[in-house]
Structures are given as structure tokens and as C-alpha cells.
Amino acid sequence: IELGGPNIENKFELVRVRALNEVSDGTTKTEGPDLKDLNEGSSVPLGILVEVAGKQLEEGLEGVFERRIHQYTNYIEGFMHLNQRYDIWLRLSKKSFQRGFNSFDHMGKVLMRLYKSELPIIERVQVTFITDEKKVKEMAAEARKIYDSRDAKARGLRDEEVDDFYGCALCQSFAPTHVCVITPQRYANCGAISWFDGRAAAR
């Protein structure tokens with residue numbers, strides 16, 4: 001089964017920070033056909049909505065958490081996840097499906113377990129998978145507005161507007177004396193760690 005991908009116009013993945021009382025911890029929902037209800041070899045639209053809550057969370061960390069979806073889902077044997085945001089492309093192998101990976105509930109459990117174990121500032125998490133074509137189209141349009149708003153905010157943030165800068169030593173395995181100083185206007189030299197990434201990691 002192929003979810004999203006280059007032949008599907010509407011697809012998205014989105015993380016939203018909510019209030020603690022708005023998240024039903026450990027819950028996975030599917031709106032539309034589940035994996036077991038889809039025809040073998042089919043390509044379908046997909047939306048992934050992850051809602052997180054915690055006393056230390058803020059809206060500015062949503063993009064950092066969102067990029068973890070790619071990492072976490074690729075831990076699943078026989079499952080592929082490429083890209084992010086509105087360009088996602090996922091595939092489930094026949095072998096994994098035959099072995100019992102036949103519901104989005106399984107993927108939801110993987111995401112929830114890894115979010116909480118790697119990012120303890122997340123106290124509650126719920127995941128919704130959307131395969132209903134009309135609903136995916138509606139929510140994909142809303143997701144694009146959120147991405148644009150985030151990007152504009154990140155581009156507009158100045159060094160003088162924040163109290164903390166962050167240090168990164170990820171590349172010390174091959175550059176032992178190097179440390180990057182990361183500010184809103186200065187990414188790590190590798191381009192992979194933004195000020196928002198540093199903020200999430202430090203917390």
C-alpha cells in the first residue's frame with residue numbers, strides 16, 4: 001500500500017501543541033479506511049495529525065516534533081517514510097502486512113511510545129490518521145497555512161529577541177574541537193539544527 005506520494009495531490013503530517021485537557025493520552029483514531037480495508041497495491045491520500053501536551057511545551061516546538069515522524073516511522077520493519085509536511089510518501093510492504101501490521105493503530109503506538117521516551121517534556125500524545133479523501137483535502141489546506149505561518153515566524157525572529165543561544169557538538173566525532181553556537185539567525189554549520197531544535201533538545 002502506498003500512502004501519499006508523488007501521484008497523490010493531498011497529503012500532510014502535522015503536530016499541534018494542545019492544552020493538557022484537550023489530549024486523550026494514548027489514543028489512536030482513524031478517519032476513513034484503515035490499512036486492512038485498503039486494496040493491495042493501492043495509493044491513497046493520507047493525513048497524520050499528532051497532538052501533544054505538556055507543561056513545558058510551546059507552539060514554537062511543533063516543527064521540531066513534526067520532523068520526528070519521519071525518524072520514528074522508519075524504525076518499523078517493512079515500512080518506508082520519505083519527506084515531510086505536505087510532501088510525505090509512505091509505503092507498507094506486503095510482508096509486514098501479512099505478519100500483522102494491518103492497522104494504523106500499530107503505527108500510532110510506535111509514534112506515541114517513541115515521542116514519550118525520547119522527549120519526556122511531552123506528557124500526553126494522541127494520533128489521528130486520516131484517509132478519507134475529502135477530509136484530507138480540507139485539512140491539508142489548513143496544514144499549509146500553519147506551515148507558512150511557522151516559516152514566517154522563524155524567518156522573522158532576531159537574535160536580540162531571545163534570551164538564550166544554544167551550543168551543538170554533534171560533529172565532534174570528526175571535528176573534535178568544534179562547537180557551533182546556534183541563534184535564531186544562525187543555524188548549525190551543518191544546516192541541520194535550528195534555534196528551535198536547540199531549544200527542544202535543551203528542554
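Predicted model: local features only at pLDDT ≥ 70, side-chain atom pairs only at ≥ 80, totals over all residues.
**Fold and overall size**

I started with secondary structure: the protein chain comes to five helices and ten strands (DSSP runs, H or I of at least four residues for helices, E of at least two for strands, numbered from the N terminus). The radius of gyration is 18 Å, close to the 17 Å that the globule rule gives for 203 residues, so the chain is as compact as a globular protein of that length. That radius is taken over C-alpha atoms, and the globule rule is 2.2 Å times the number of residues to the power 0.38. I also looked up the span of the C-alpha trace, which is about 55 × 40 × 30 Å along the principal axes.

Residues are numbered from 1 along each chain as its sequence is written, and side-chain values use heavy atoms, with hydrogens and water left out.

**Burial and contacts**

I find 44% of the 203 residues buried (under 20% relative accessible area; exposed is over 50%, partly exposed in between, 1.4 Å probe, protein chains only). For contacts (heavy atoms within 4.5 Å), I took pairs at least 6 apart in sequence, and 77% of these join residues at least 24 apart.

**Cysteines**

How many disulfides are there? The count comes to zero, with a disulfide being a pair of cysteine sulfur atoms within 2.5 Å. Cys171 is in no disulfide, and its nearest cysteine sulfur belongs to Cys180, 5.7 Å away. I noted Cys180 as buried because its relative accessibility is 6%.

**Gly4**

Gly4 lies in strand β1, residues 2-4. Buried or exposed? Gly4 counts as buried, at 0% relative accessibility. Leaving aside neighbours within four places in sequence, I see Gly4 in contact with Lys11, Val44, Leu46, Ile88 and Trp89. I also checked Gly4 against Arg91: they are 87 residues apart in sequence and 8.7 Å apart in space, C-alpha to C-alpha.

**Ser96**

Next I went to helix α2 (residues 94-98), where Ser96 sits. Ser96 counts as buried because its relative accessibility is 10%. Not counting residues up to four places away in sequence, Ser96 touches Glu77, Gly78 and Phe101.
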